[in-house]
Amino acid sequence: MTASVQDFQNNPLGKDTRLEDVLDAFEFLDDWEERYAYIIDLGKQLPAFPDDARVEENYVHGCQSQVWLIHHYDEASGKLYLLIDSDAMIVRGLAAIILVALNGKTPRDLLATDIDELFEQLDLFRHISPTRGNGLRAMVGKIRDLAALTDQA
């Protein structure tokens, strides 16, 4: 099963679940145990990822867990849509946060987004392991590379 355009465009992360929702939830939740549970719940919103896309070309290197990322550039709207999956629940949740911030943006807007500021605002790097942090940076790096290539096309 290959991902269809609708699979990309119907992804609720970045569309129905917005960055403001995540920021509000983090502010509302008192401790990191609750925030971890929220991050895992976000990961459950990730759409199904096609098995045939779990190939080396789509693999995100630098992550402790297995992570795959595919994209679709919609020429009509000029937007870049993303699907991410991982074998680890917490990584799926972290991927969901990335999608909330970056999915469905134009490549130029995506590249202009200060994702490090978001991670700082959420205080993520102090509360995830260094290897998870490296994986988060690897996912963002691959997305930024895709956006840069798409923006030049």
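Helices here are DSSP runs of H or I with at least four residues, strands are runs of E with at least two, and both are numbered from the N terminus. You're looking at a predicted model, where local features need pLDDT of at least 70, side-chain atom pairs count only at pLDDT 80 or more, and totals for chains, interfaces and linings use all residues. Residues are numbered from 1 along each chain as its sequence is written, and side-chain values use heavy atoms, with hydrogens and water left out.

**Stop 1: the cavity**

Start by selecting helix 4 (89–102) and helix 7 (130–152): each supplies at least two residues of the lining of the largest cavity. On a 1 Å grid over the protein atoms alone, a cavity is a set of points where a 1.4 Å probe fits but cannot get out, and lining residues have an atom within 4 Å of a point. The count is 1 cavity of 30 Å³ or more, and the largest holds about 50 Å³ of space. That volume is the space filled by probe spheres set on the points, with grid points joined across faces, edges and corners.

Now show the lining: Cys63, Gln64, Ser65, Val67, Val91, Leu94, Thr131, Arg132, Gly135, Leu136 and Met139. Helix 7 gives the largest share, 5 residues. Colour the lining by class and you get 6 nonpolar, 4 polar and 1 charged. For that colouring, Ala, Val, Leu, Ile, Met, Phe, Trp, Tyr, Cys and Pro are nonpolar, Asp, Glu, Lys and Arg are charged, and the others, Gly among them, are polar.

**Stop 2: the pocket**

Next, pick Gly14, Lys15, Arg18, Val100 and Asn103, which lie nearest the centre of the largest pocket among its 16 lining residues. Two or more lining residues come from each of helix 1 (5–9), helix 2, strand 2 (79–86) and helix 4. A pocket is an open set of points with protein on both sides within 12 Å along at least five of seven lines. This one has about 230 Å³ of space, and its lining has 6 nonpolar, 5 polar and 5 charged residues.

**Stop 3: helix 6**

Select residues 115–122, which make up helix 6, and look for Ile115, Leu118, Phe119 and Leu122, all buried (under 20% relative accessible area, with a 1.4 Å probe and protein chains only). Why do they sit on the same side of helix 6? Because they cover an arc of only 95 degrees around the axis, taken from the directions from the helix axis to the C-beta atoms. Helix 2 (19–28), helix 3 (32–43), helix 4 and helix 7 are included in what covers them.

At the start, a side-chain oxygen of Asp114 comes within 3.3 Å of the backbone nitrogen of Asp116. Just after helix 6, Asp123 has a positive phi of about 60 degrees.

**Stop 4: His127**

Move along to His127, in the loop between helix 6 and helix 7. Which residues does His127 contact, leaving aside neighbours within four places in sequence? Show Trp32 and Tyr36, both in contact with His127 (heavy atoms within 4.5 Å). The His127 and Trp32 side chains make a polar contact at 3.0 Å, meaning a pair of N or O atoms within 3.5 Å, one able to donate a hydrogen and the other to accept it, with residues adjacent in sequence counting only if both atoms are side-chain atoms.

**Last stop: Pro47**

Finish in the loop between helix 3 and strand 1 (67–74), where you'll find Pro47. Apart from residues up to four places away in sequence, Pro47 touches Asn11, Pro12 and Leu83.

Terms used: Buried means under 20% relative accessible area, exposed over 50%, partly exposed in between (1.4 Å probe, protein chains only).
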